[in-house]
Amino acid sequence: MPLDLPFDNSYARLPGRFYARLAPTPVSKPRLIALNAPLAARLGLDPQALRTDDALAALAGNAVPAGADPLAQAYAGHQFGNFVPQLGDGRALLLGELLAPDGARFDVQLKGAGPTPYSRMGDGRAWLGPVLREYIMSEAMAALGVPTTRALAAVATGDTVLRETPLPGAVLTRVAASHIRVGTFQYFAARDDKEALHALTTHALTRHDRADGTAIDLLNGVIERQARLIAHWLSLGFIHGVMNTDNMTISGETIDYGPCAFLDSYHPLRVFSSIDRAGRYAYGRQPDIAMWNLAQLAISLLPLIGDSDAAQTALDRFPHLFQRYWQDRFRAKLGLKTAQDGDTQLIETLLETMAAGQADFTNTFRALGTPQARDQFLDPDAFDTWHASWAARLAEEDTTPEAIKPGLDAVNPAIIPRTHRIEQAIQAAVAGDDAPFHRLTQALGTPFNLSHITRDLTHAPTEDEIVPHTFCGT
Ligand code: AMP
Ligand code: MG
């Protein structure tokens, strides 16, 4: 039975210079690796209907489902600080937008669907590794409550993709509130195309804020969402790794899981990405980089805002908003119900003690309120000193570390997608065994509830398991 999906493609109704219309390039032998049934249900789709041969053909890019209007979106972007006026979807195609039963609108995109006019030197394809990494990471983030693009399906193509070595190809079906980026605005600003900027602003406001808003409302909305998002990342030890302006959304969702990673042992300037040699996108630099990216958005919107003081005032809100969200997140991680003057100091002292003691970020927070917390530190005495001040602070709220433990467990996850586990799952899948991928994905679906079956997945990497660098690995 042909797939019947409720497409309504508002982006495709924007002027032709917003995109290049084209169909995906077929692949030889598609095989479904993963289908995200809960996400399908969220979209109002029958997961069974997505397991048919017709659906597989659509998810692989071998057939265009009725109602879809595939296109590659144009955008620009600052990559590591350098402006590139033309990027665009080089290996992704927006199939269209689906309206969920509650009226929510979702982009459905095939990533790795073949070359587009924006592919430059690339082949338009993805290999299995990055597809599985994005599936694992984005679904883990969603389960942790972080705004993110989602993974609806992963399909092996049966074709070989040539990177440094020949690798198995794959296509990811990505679902997002939208794929509008800071770089989408930069694209039209760089071309002095005020008419397009206006159309894009109206489109973005309609999707993410309010249809009757203005450019300054949009800027304020993005600033608010990004401040909240980056604080959430930091509270979980997440490093995006490639926060270029084309990888920052207007919706406030995390996008483009390339060389991203979660911290094992805590260090504020930790970098994983092999391409980030200067540490521009280090863990602790993410708020500053977000601010820098938002300034690029403000500059792009200036022709519409008109008043540069208004844009500056909007931007100046970011550090305060971020700080407030950051304090809220970390207060919750320590079980503090009220806000008090010394709280930032209390949080920062713990983080400094963790850095000095090479403590595992996730496992330390998860162990708070148990005798095992001190075992995470090279120097447990330093932790004991901090613990005494924390206990004293909790006493002011008439409680104790032990008493608040259930509340802590609801905000400090037991399991996050550790880089070495992702690598192990990818290597197994390349060798033909998808089981570790499925086991990991399943465990990450309930990150705050740990069953004994998944305990090994919570361990920090052993010396031989450490993956020192992560790769964009397109
Ligand atoms: P990213 O680093 O994933 O944000 O990608 C940056 C730019 O490179 C985007 O315009 C991508 O579409 C493009 N790109 C990345 N990998 C490929 C590929 N294999 N083929 C074509 N374009 C690509
Ligand atoms: Mg990107």
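Let me begin with a term: a residue is called buried when its relative accessible area is under 20%, exposed when that value is over 50%, and partly exposed in between, with a 1.4 Å probe and protein chains only. The structure above is a predicted model, in which local features need pLDDT of at least 70 and side-chain atom pairs count only at pLDDT 80 or more, while totals for chains, interfaces and linings use all residues. Residues are numbered from 1 along each chain, chains are lettered from A and ligands numbered from 1 in the order in which they are written, and side-chain values use heavy atoms, without hydrogens and water.

Now to the metal. Which residues are the protein donors of the magnesium ion, ligand 2? They are Asn247, through OD1, and Asp256, through OD, lying 1.8 to 2.1 Å from the ion, where donors are N, O and S atoms within 2.8 Å of the metal (3.2 Å for Na, K and Ca), and since water is not among the atoms, sites may look incomplete. Asparagine 247 counts as buried because its relative accessibility is 11%, and aspartate 256 is also buried, at 15%.

Glutamine 358, which is not a glycine, has a positive phi near 50 degrees, and it counts as exposed because its relative accessibility is 52%. Aspartate 398 is likewise not a glycine, yet its phi is positive, about 55 degrees; at 74% relative accessibility, this aspartate 398 counts as exposed.
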